[in-house]
Amino acid sequence: MSEDLNTRVANAAQGISPQTLPDEHRRFLGSLRERVLVRMTNAETQDISLMELFLSHFKDYIGYEILLNINLKDEFLSKIETNCSKYKITFTLINNETAQTNPDDTAVLVVAKTAINKMRIEIKQVYAPEMEKVALPQNKTKQKKIGFWRYFFNGDK
């Protein structure tokens, strides 16, 4: 116990502090999940329809910050940078150990400065496509309604 306390004091004197939730920091480009509004993976940035979906909702990101994996395609990266300057949204290019290239790793994050605790953060969940509206079948033959007492005394006529 005293050794742990001594190492902790020595680390604090050197400016080394223990990091909270290191796995979460690696997964969310140095941020925390509780601050994420929208997340896109590296595989989702390859899908043109999802890229357009992300870009079409850019007005929703005003007041947030965008974290970008440096390993994105140049054309998508330039479109995001253009829209960020247009809507005055700050963005940060992440080029450290958290910027991975695996398909399930994070490519784009829209994050808040404080916790917002959204349940659904994946782009397909946040901006789910609208279901096509199906007309309910209509019963064209109207049945005559019989009151309770008439049904009770007159039978099933």
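P129 counts as exposed, with a relative accessibility of 67% (exposed means over 50% relative accessible area, buried under 20% and partly exposed in between, with a 1.4 Å probe and protein chains only). The structure is a predicted model, in which local features need pLDDT of at least 70 and side-chain atom pairs count only at pLDDT 80 or more, while totals for chains, interfaces and linings use all residues. Residues are numbered from 1 along each chain as its sequence is written, and side-chain values use heavy atoms, with hydrogens and water left out. P129 lies in the loop between α5 (123-126) and α6 (148-154); its C-alpha atom is separated by 9.8 Å from that of L53, 76 residues apart along the chain.

The protein comprises six helices and four strands, taken as DSSP runs numbered from the N terminus (helices H or I, at least four residues; strands E, at least two). From the N terminus, the order of elements is α-α-β-α-β-α-β-β-α-α. Of the 157 residues, 29% count as buried. Among contacts (heavy atoms within 4.5 Å) between residues at least 6 apart in sequence, 80% join residues at least 24 apart.

The largest nonpolar core contains 22 residues; such a core is a set of buried Ala, Val, Leu, Ile, Met, Phe, Trp, Tyr and Cys residues joined through side-chain atoms within 4.5 Å. Two or more residues each are given to this core by β1 (36-41), α3 (48-56), β2 (65-69), α4 (74-87) and β4 (106-111). The residues with the most contacts inside the core are F54, F58, Y61, I66, F76, I80 and V108. Of these, Y61 touches L37, V38, F54, I66, I89, V110 and Y127, residues up to four places away in sequence not being counted. A second, separate core of nine residues includes V36, L67, A99 and V111.

In helix α4, the buried residues are F76, L77, I80, N83 and C84. Viewed down the helix axis, the buried residues of α4 fall within an arc of 130° and therefore line one face, the arc being that of the directions from the axis to the C-beta atoms. These buried residues pack against β1, α3, β2, β3 (90-94) and β4. The face turned away from the buried side carries the exposed residues D74, S85 and K86. Just after α4, K88 adopts a positive phi of about 55°.
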